[in-house]
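Colleague: I am new to this one. Please put it up, and then take me through a single part closely.

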Amino acid sequence: MSRTERPVIGRPRSFNPDQALERALEVFWRQGYEGASLADLTEAMGINRTSMYAAFGNKEDLFRMALARYTSGPASYVQNGLQEPTARGVAEYILNGAVNATTTPDHPAGCLGVQGALATGTPGRLARDALVEWRSNGEDAIRDRFVRARAEGDLPPDTDPATLARYVATVAYGISVQAATGVPREALSQVVDIALAGWPPRNESAPVPES
């Protein structure tokens, strides 16, 4: 090296932000918010703390980004299910989506939205609150879809959309908890069948909604 050349010192390690966020998501999903230490996260992401803070903010910011990625990725079955032409189709799509997403061998068992902050103290309060809001928003979206279904005659006029949405959400989250304990996909699919067996009948005189 000539005297005019200077060694590069402290150059930030290059990394792929999308891949790093995906790996952080896996850590939070597997270990929960409090169980995921900064050392665990940075090791999985392949970066140091300085790079993590520069690219993603603090741990809470990183968790929110991971949750958003989870929503648009593994948990996208909720938004996709809302597009089904019938209320029963919505419930069936969401519940089967919960089974598939929580038992796929490519990801940790269970649901990040349920297990991410089940047992958190004061340090994890913001993560817990973020997940409470996340679950509430999902349930509200299902309720609004069922309000529309009732207006279309797809659900009986005496149906309570809020209660029915809570029923679907409760079964979906219960599926997640069961999956996290090792209950196999086939058994959880049977739970979906039972959950849908008593679905409110649609008004046969009402027009069939277009897909």
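Colleague: In which helix does Gln115 lie? Start there, then show me what surrounds that part.

Modeller: A word of caution before the details: this is a predicted model. Gln115 lies in helix 7, which spans residues 112-115. Its relative accessibility is 19%. The limit for buried is under 20%. Gln115 therefore counts as buried.

Now the side chain. The side chain of Gln115 reaches the backbone oxygen of Ala109 at 3.4 Å. It also makes a polar contact with the side chain of Ser176, at 3.0 Å. Leaving aside residues up to four places away in sequence, Gln115 touches Gly32, Ala109, Gly110, Ser176, Val177 and Ala180.

Step back to the whole protein for a moment. The secondary structure comes to ten helices and zero strands. Read along the sequence, the pattern is α-α-α-α-α-α-α-α-α-α. The protein has 211 residues, and buried ones make up 42% of them. Take the contacts between residues at least 6 apart in sequence: 65% of these join residues at least 24 apart.

Next, the aromatic rings. A pair of rings is described by the distance of the centres and the angle of the planes. Ring centres within 6.5 Å make a pair, and by this rule the count comes to six aromatic pairs. One of them joins Phe28 and Tyr33. Their centres are 6.1 Å apart and their planes stand at 10°. Planes under 30 degrees apart count as stacked, so the pair of Phe28 and Tyr33 is stacked. Phe28 is buried, at 0% relative accessibility. Tyr33 is buried too, with a relative accessible area of 5%.

Trp29 and Tyr70 form another aromatic pair, and this one is edge-to-face. The distance is 5.0 Å centre to centre, with 80° between the planes. Trp29 lies in helix 1, residues 17-35, and Tyr70 in helix 4, residues 59-72. The pair therefore ties together parts that are 41 residues apart in sequence. Trp29 is buried, with a relative accessible area of 2%. Tyr70 is buried as well, at 0%.

Go back to Tyr33. Ring pairs link Phe28, Tyr33 and Phe63 into a cluster. Tyr33 also has a charge over its ring: the charged end of Lys59 sits there, 4.5 Å from the ring centre.

Charges bring us to salt bridges. Side chains of opposite charge can pair when their charged atoms come close. With a nitrogen-to-oxygen limit of 4 Å, the count comes to eight salt bridges. In one of them, the side chains of Arg69 and Glu22 meet at 2.6 Å, N to O. Arg69 lies in helix 4 and Glu22 in helix 1, so this pair ties together parts 47 residues apart in sequence. Helices 1 and 4 are also the ones that hold Trp29 and Tyr70. Arg69 counts as partly exposed, at 25% relative accessibility. Glu22 is partly exposed, also with 25%.

Now move to helix 8, residues 125-151. The side chains of Asp129 and Arg125 meet in a salt bridge at 3.7 Å, N to O. Being four residues apart in helix 8, they are separated by about one helical turn. Asp129 is partly exposed, with a relative accessible area of 36%. Arg125 is partly exposed, with 40%.

Glu139 forms a salt bridge with Arg166, at 3.1 Å, N to O. Glu139 lies in helix 8 and Arg166 in helix 9, residues 161-180, so the pair ties together parts 27 residues apart in sequence. Glu139 counts as buried, at 18% relative accessibility. Arg166 is partly exposed, with 44%. There is also a network of salt bridges, which links Asp140, Arg143 and Asp144.

One stretch remains. In the UniProt record, an unreviewed entry, the annotation "DNA-binding region" covers residues 37-56. In the model, the end C-alpha atoms of residues 37-56 lie 15 Å apart. The span is 80% helix and 0% strand.

Key. Residues numbered from 1 in each chain as written. Predicted model: local features only at pLDDT ≥ 70, side-chain atom pairs only at ≥ 80, totals over all residues. Heavy atoms only, no water. Phe/Tyr/Trp six-rings, centres within 6.5 Å; stacked < 30°, edge-to-face > 60°. Buried < 20%, exposed > 50% of the residue type's maximum accessible area, 1.4 Å probe, protein only. Helix = DSSP H or I, 4+ residues; strand = E, 2+ residues; numbered from the N terminus. Lys NZ or Arg CZ within 6 Å of the ring centre and 35° of its normal. UniProt positions renumbered as here; feature names shortened; annotations may be inferred. Polar contact = N/O pair within 3.5 Å; in protein donor to acceptor, adjacent residues only side chain to side chain. Contact = heavy atoms within 4.5 Å.
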